[in-house]
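Biologist: I'd like to learn how to read charged and aromatic contacts from a model. Could you walk me through it?

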Amino acid sequence: APDNEAMQVNLSGNFVFGPRAVLTYGAGMGKLEQDDDFLPVSTAPGAPTPRASLDGEIDLAHYNLGLALRPLDKLNLRGQARYDERDDKTPPLTVAYVVTDTVAGGTETTPRYSYERTRLDGTADYALFPWLKVQGGLLWDEIKRDQQEVAKTTEDGGFLSARLTPYGSFAVTLKAGQFHREADGFDLTARAPSENPLLRKYNLANRDRWLYEVVGSAGLGDSVVLSLQARRTDDAYRRSPLGLTDGSTAQIGGNVGWTASEKLNLYFDASYQNYDSKQLGQAAPAGAAWEATNDDEFYTLALGGRWAFSETLSFTADLVHAESRGETTLFTGGAPDAYPEIKTRLDAIRLGANYRFSPALGIGVRVEYESFDEDNWAYDEVTPAASPTLLSMNPTADTHDVLLVAFNFTYRFGNVA
C-alpha cells in the first residue's frame, strides 16, 4: 500500500454557566496527502502508468457546538450542531484499464468526491414520576456532494422513549423512531454511461426508516446482573425503480455477569443478528429484469472471567464462538435460483496473567489462539480451468489458525497509591 501523510489540529473546551447550563465547543482542521510513485496499470510488457503519482491532497474541517440545560429539576435539554467538510483537491486521474488477458479495456476517469455535512440534533427528557422518565429527540442531517449523481440528501426525523424503573434494580427502556431521507438534484451525467439510468444507489436514495428498541436490566441479589437488548429497523426505498428496495435488521443480545466472590468475576454473552434485503435489477432498459433477496445471520457466544489470586497476581480467560450464514436467491422470471450458502466459523481462546511488583510497576503475559474457517462458493469454485481468461489476484476463502504470545509491562509515574 502507498505511504500516506495525515496532519490534524484540534481544539475543544467548554463553558459552565452556573449549575444548570454547560456550553461545549470543538474545532479541527486536517490535511491528507499521498504522492508515492504509481505502478504500471498491468503486468504486460511496456504497460504505461497513468501519471507519475496520485498527487493526492484532501483538506478536512470539523466544527461542533453543544448546549446542555437543566431549566427544571425534572427536565434536561441537550442540543448539538456539527459541521464537517471534505475538500478533495486531487487532480482527476484517467486510467486505461485491463479487463482480461485477451480483452482490451477502455479508459475511466476517477472523479474526486467532496462534501459538506451539517447536522442538528436535540433531546429532551422529563421525569414524570420517580419510576418513569420520558425522552424525545429530533434530527436534521444535510449532506451536499460534488460530482455525484445526487447533489444533496436531507434526513430528518425523531424518536420517543420511556424508561421504567418500577422497583429495585429492574429497569426497562422502550424506544421507537421514524426517519426520512430525501434525495435532491439527481444527475444522470455524473454516473457511468453503462449503468442503467433507473438504478439508485442505496446511500443516495430516498429512504424511510422505522426503529424499535427494547433495553432491560435486572439484578438478582447482590451478585448477578442480567441485561437484554433487542433492536429492529425496517427500511423502504419507495422511489428506487432499481437497486435496493427493502431492508430490515433484527438484533438481540444478552449478558449475565456474576460476582462469584470478592476475587472471582464471570460473564456470559450471547447475541443474534439478522439482515434481510431485496434488490431489483435490469441489465439495460430493454434487458431482462431480475430480483435478488439476501438473508444473513450471525451468532456469537462468549464467556470468561477474571480471578484475583492475590493482591499482586490475577488471571483472565475468555472463550469466543461465532458463526455466520448467508443465503442469496435470484429470481429471473422463472423458478427461484438459490446460490450455495456462505458460512463462516470463528473459535478463539484468550488467556492472560498480570503481576504487579509494586503500585507503579507491573508485567503481563497474554496467549491467544484463533481458528477461522470460511466456506464461500464465489471463491472456492473459481479456478484457472474454470475461467482461463480471467485476470485476478487469486482470492481464496479465508481459513487460518493463529497463535499469539505477547508480553507487556506498565509503569506509572507520579504519586501512585
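Modeller: Let's start with one side chain. Glu 142 counts as buried, because its relative accessibility is 13% and the cut-off for buried is under 20%. Keep in mind that this is a predicted model.

Biologist: Which side chain does Glu 142 meet in a salt bridge?

Modeller: Lys 152, at 3.8 Å from N to O. Glu 142 sits in strand β8 (residues 132–145) and Lys 152 in strand β9 (residues 150–164), so this pair ties together parts 10 residues apart in sequence. Lys 152 is partly exposed, with a relative accessible area of 26%.

Biologist: How many salt bridges does the count come to?

Modeller: The count is 25. Take Glu 155 and Arg 207, whose side chains meet at 3.0 Å, N to O. Glu 155 belongs to strand β9 and Arg 207 to strand β12 (residues 207–220), so parts 52 residues apart in sequence are tied together. Glu 155 is buried at 16% relative accessibility, and Arg 207 is buried too, at 11%.

Biologist: And Arg 239: buried or exposed?

Modeller: Exposed, at 56% relative accessibility. Its side chain meets that of Glu 182 in a salt bridge of 2.9 Å, N to O. Arg 239 lies in the loop between β13 (224–236) and β14 (242–259), while Glu 182 is in strand β10 (residues 171–186), so the pair ties together parts 57 residues apart in sequence. Glu 182 is partly exposed, at 22% relative accessible area.

Biologist: Which residues are linked in a network of salt bridges?

Modeller: Lys 31, Glu 57, Asp 59 and Lys 89.

Biologist: Now the rings. How many aromatic pairs does a search of the whole structure find?

Modeller: It finds 12. For Phe 129 and Trp 131, the ring centres are 5.3 Å apart and the planes are at 5°, so the pair is stacked. Phe 129 is partly exposed at 44%, as is Trp 131 at 40%. In Tyr 355 and Phe 357, the centres are 4.9 Å apart but the planes are at 80°, so that pair is edge-to-face. Here Tyr 355 is partly exposed, at 33%, whereas Phe 357 is exposed, at 53%.

Biologist: Which residues do ring pairs link into a cluster?

Modeller: Phe 15, Phe 17 and Tyr 25.

Terms used:
Residues numbered from 1 in each chain as written. Predicted model: local features only at pLDDT ≥ 70, side-chain atom pairs only at ≥ 80, totals over all residues. Heavy atoms only, no water. Phe/Tyr/Trp six-rings, centres within 6.5 Å; stacked < 30°, edge-to-face > 60°. Buried < 20%, exposed > 50% of the residue type's maximum accessible area, 1.4 Å probe, protein only. Salt bridge = Lys/Arg side-chain N within 4 Å of Asp/Glu carboxyl O. Helix = DSSP H or I, 4+ residues; strand = E, 2+ residues; numbered from the N terminus.
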